[in-house]
Amino acid sequence: GTISLKDLGDSSLGFAFGTLAPTIKTKFYFTTYSAKGSLLWESNATPGGTKITKTIGTKLNLSKAHIPIIITDFLFSNPDSAGIKTFNNKFFMAADDGTHGYEPWITNGTSNGTKLVKDIYKDTGSSLSLSAFSFVYSNLGLYFSANDSKTGNELWLSDGTAGGTSEIANINPGKKSSDPLFTGVLNNHLLFTADDGDNSKGNRDLYLLNAAFNVLKTEQASE
């Protein structure tokens with residue numbers, strides 16, 4: 001009963017950051033990467049239905065670990081958040097198209113619906129980094145940490161559009177980073193730690209944000 005769905009050649013599987021691959025309707029999605037670029041795939045669990053959804057980029061900076069990552073869940077920090085999360089039947093990704101650096105992307109599971117959300121760190125610079133990346137879905141969109149080169153790595157919120165993607169707070173003033181790290185959810189509030197730069201040892205403080213989690217729903221694949 002175990003079959004190979006697809007020979008991926010010299011490409012390596014990416015991974016869904018936090019938990020399993022996301023599903024939209026009757027398909028699940030995953031990413032692959034090689035020195036030749038990044039790909040988003042879809043599958044209905046049959047060999048014929050397993051195919052490339054979108055070629056995100058034909059170049060990939062493996063030296064900087066710009067691996068295409070599907071952002072699906074907050075399972076690491078919120079045990080009550082078991083299950084795949086999407087936002088308006090879409091999910092976010094971290095990817096590098098070879099032009100804009102490692103930036104947030106979003107997809108509705110189609111080629112035309114897979115696009116760069118915003119070039120936060122302009123040109124080839126990267127706003128996202130796996131060494132300082134934290135995220136959580138809410139009914140307002142995706143909260144995540146990003147660096148725009150002006151205020152350091154700080155707290156951002158995106159609804160999946162360029163106009164709806166902005167920095168929420170510059171916790172560590174100036175270009176220094178606060179590196180927000182999400183730790184849990186309590187009574188529809190997001191708990192996270194951050195460094196506001198108020199001490200020489202870099203000790204972190206605990207913060208509370210009203211992030212409105214009460215109407216967030218888990219998307220299930222239809223039969």
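Student: Which residue stands opposite L116 in strand 10?
Tutor: W105 stands opposite L116. Keep in mind that this is a predicted model.

Student: How do strand 9 and strand 10 pair, and over how many bridges?
Tutor: They pair in the antiparallel sense, over two bridges. Strand 10 covers residues 115–116.

Student: And how many bridges are there between strand 8 and strand 9?
Tutor: Six, and that pairing is antiparallel.

Student: What sits between strand 8 and strand 9 in the hairpin?
Tutor: Five residues lie between the two strands, and G98 in this hairpin takes a positive phi near 85°.

Student: Is strand 9 mostly covered or mostly exposed?
Tutor: Mostly covered: six of its six residues are buried. For the protein chain of 223 residues, the buried share is 46%.

Student: OK, cores. How many residues does the largest nonpolar core have?
Tutor: It has 26 residues, and F91, F92 and F144 have the most contacts inside it. Strands 7, 8, 9, 11 and 12 each give two or more residues to this core. The largest share comes from strand 8, with five residues.

Student: What does F92 touch?
Tutor: Leaving out residues up to four places away in sequence, its contacts include I69, I70, I71, W105, Y137 and L142. S158, D159 and G160 are also among them.

Student: Changing topic: where is H66?
Tutor: H66 is in the loop between strand 6 and strand 7.

Student: Is H66 buried or exposed, then?
Tutor: Buried, because its relative accessible area is 6%, and the cut-off for buried is under 20%.

Student: What does the side chain of H66 make a polar contact with?
Tutor: With the side chain of D96, at 2.7 Å. Setting aside neighbours within four places in sequence, H66 is also in contact with L60, N61, Y102 and S126.

Student: What does K51 touch?
Tutor: W41 and E42, not counting residues up to four places away in sequence. K51 and K6 are 45 residues apart in sequence, with their C-alpha atoms 8.3 Å apart.

Student: You mentioned W41. How many aromatic pairs are there in the model?
Tutor: The count comes to seven aromatic pairs. F30 and W41 form a stacked one, 5.7 Å centre to centre with 10° between the planes. F30 is in strand 4 and W41 in strand 5, eleven residues apart.

Student: Last one: how many helices and strands does the chain have?
Tutor: Zero helices and 17 strands.

How values were computed. Residues are numbered from 1 along each chain as its sequence is written. This is a predicted model: local features need pLDDT of at least 70, side-chain atom pairs count only at pLDDT 80 or more; totals for chains, interfaces and linings use all residues. Side-chain values use heavy atoms; hydrogens and water are left out. Rings of Phe, Tyr and Trp (its six-membered ring) pair if their centres lie within 6.5 Å; planes under 30 degrees apart count as stacked, over 60 as edge-to-face and the rest as tilted. Helices (H or I, at least four residues) and strands (E, at least two) are DSSP runs, numbered from the N terminus. Buried means under 20% relative accessible area, exposed over 50%, partly exposed in between (1.4 Å probe, protein chains only). A polar contact is a pair of N or O atoms within 3.5 Å; within protein, one must be able to donate a hydrogen and the other to accept it, and residues adjacent in sequence count only if both atoms are side-chain atoms. Contact means heavy atoms within 4.5 Å. A nonpolar core is a set of buried Ala, Val, Leu, Ile, Met, Phe, Trp, Tyr and Cys residues joined through side-chain atoms within 4.5 Å. Two strands pair if DSSP finds at least two bridges between them.
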